[in-house]
Amino acid sequence: MWETSIMWTDFFHLFYFFLIYSFMGWCMETCLVSFNSKEFVNRGFLNGPLCPIYGTGATAIYLCLQPLKDHLLAVFLGGMVLATAIEYLTSLVMEQAFHARWWDYSDKKFNLQGRICLSISLCWGLLSVIMLEVFHPIVLFIVNQIPVTLGKIVGWVIIILVSTDLFVTVKHVLSLNNKLEILTQMRNDFIRRVESSMLYSTAEEARSRLESLSSSEVLEEIGVKLANRVDSKIESIERLSQDLKNFREQRGYHLNLKSFVEKRLLKAFPNFQSISNQRSLEELKKHWNQRK
């Protein structure tokens with residue numbers, strides 16, 4: 001496997017190119033985000049110090065643009081197109097896989113669906129030139145110093161560690177999605193019970209009012225209404241009081257973030273958005289930030 005020829009190099013070199021550039025990308029992202037946040041932020045989808053999107057982009061630029069390294073404009077334009085395409089496809093695949101948006105450029109000019117934008121694409125082009133002209137000769141020198149036998153052994157260890165990291169991360173992302181789905185379903189079920197009660201004049205009035213409120217506001221409003229009912233012995237009202245208690249307790253339980261991975265991901269991707277459970281995600285973030 002390691003000796004497999006790929007264009008004008010081999011898998012061994014490409015693997016370590018990918019690894020080194022993934023680490024460099026992680027360093028750059030972590031420094032930028034940590035500086036803006038004024039605290040250390042482990043930036044990246046994985047828990048380890050790697051940003052694979054940078055490794056993928058850098059490796060693709062090396063394979064496709066190395067023959068053009070003496071033509072800076074071609075490297076700039078080619079790198080801009082290649083890296084932007086990878087960023088767009090990564091956003092699309094991660095959205096389909098996890099029903100979430102991990103970054104959003106909607107607030108920037110000349111963006112496409114919030115996945116890519118012109119200013120970032122121009123940065124990719126500039127980084128491509130810097131990479132081939134400045135960093136890659138150094139990276140190539142480092143990789144050439146790695147003893148082949150040792151490099152293969154270490155390579156397998158890294159593959160196992162990164163695969164494990166990916167498995168753990170995906171597991172917790174799916175768990176987070178499930179938590180958000182449960183919170184959304186609990187809210188919807190409780191609102192339906194309120195609609196069928198006699199707290200509001202009509203079900204339509206109840207739905208219109210409660211849909212505009214956060215879950216914590218729903219709990220507060222229904223709690224006040226129930227406390228002010230003089231006919232609280234009516235069976236439907238008693239049932240709703242128990243439903244209110246259950247909703248409050250279960251919501252509190254599911255709002256707690258016990259997983260380090262889930263906390264890290266929300267911190268690393270402050271613009272993370274859920275496609276179908278954004279309201280629950282916002283309440284989860286608010287609850288977590290208040291308890292930090």
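**Figure 1. The largest pocket holds about 1,200 Å³ of space.** This is a predicted model, so to be clear from the start: local features need pLDDT of at least 70, side-chain atom pairs count only at pLDDT 80 or more, and totals for chains, interfaces and linings use all residues. Residues are numbered from 1 along each chain as its sequence is written, and side-chain values use heavy atoms, with hydrogens and water left out. A pocket here is an open set of points on a 1 Å grid over the protein atoms alone, where a 1.4 Å probe fits and protein lies on both sides within 12 Å along at least five of seven lines. Grid points are joined across faces, edges and corners, and the volume is the space filled by probe spheres set on the points. Lining residues, meaning those with an atom within 4 Å of a point, number 44 in the largest pocket, and Glu29, Arg43, Ile53, Tyr54 and Trp103 lie nearest its centre. Two or more lining residues come from each of H1, H2, H3, helix H4 (118–144) and helix H5 (148–195), with H1 giving the most, at nine residues. Helices are DSSP runs (H or I, at least four residues), numbered from the N terminus. Sorted by class, the lining has 32 nonpolar, six polar and six charged residues. Nonpolar covers Ala, Val, Leu, Ile, Met, Phe, Trp, Tyr, Cys and Pro, charged covers Asp, Glu, Lys and Arg, and the others, Gly among them, are polar.

**Figure 2. The second largest pocket has about 380 Å³ of space.** Look for Met28, Tyr54, Ala58, Trp124 and Leu127, the closest to its centre of the 18 residues that line this pocket. H1, H2, H3 and H4 each supply at least two lining residues, and H4 gives the most, with six. The lining splits into 14 nonpolar residues, three polar and one charged.

**Figure 3. Phe45 and Phe98 make a tilted aromatic pair.** There are 16 aromatic pairs in the structure. Rings of Phe, Tyr and Trp (its six-membered ring) pair if their centres lie within 6.5 Å; planes under 30 degrees apart are stacked, over 60 edge-to-face, and the rest tilted. For Phe45 and Phe98, it's 5.6 Å centre to centre and 35° between the planes. Phe45 sits in the loop between helix H1 (11–37) and helix H2 (52–65) and Phe98 in helix H3 (residues 72–98), so the pair ties together parts that are 53 residues apart in sequence. Phe45 is buried at 14% relative accessible area, and Phe98 is buried at 9%. Buried means under 20%, exposed over 50% and partly exposed in between (1.4 Å probe, protein chains only).

**Figure 4. Ring pairs join Trp2, Phe11, Phe12, Phe15, Tyr16 and Trp156 into a cluster.** Elsewhere, charges sit over rings, which means that NZ of Lys or CZ of Arg is within 6 Å of the ring centre and within 35 degrees of the ring normal. Arg115 lies over the face of Tyr88, 5.7 Å from the ring centre. Over the ring of Tyr200 you'll find the charged end of Lys225, 4.7 Å from the centre.

**Figure 5. The whole structure contains zero disulfides.** A disulfide would be a pair of cysteine sulfur atoms within 2.5 Å. For Cys31, the nearest cysteine sulfur is that of Cys27, 6.3 Å away. For Cys51, the nearest is also that of Cys27, at 9.1 Å. Cys31 is exposed at 54% relative accessibility, while Cys51 is buried at 6%.
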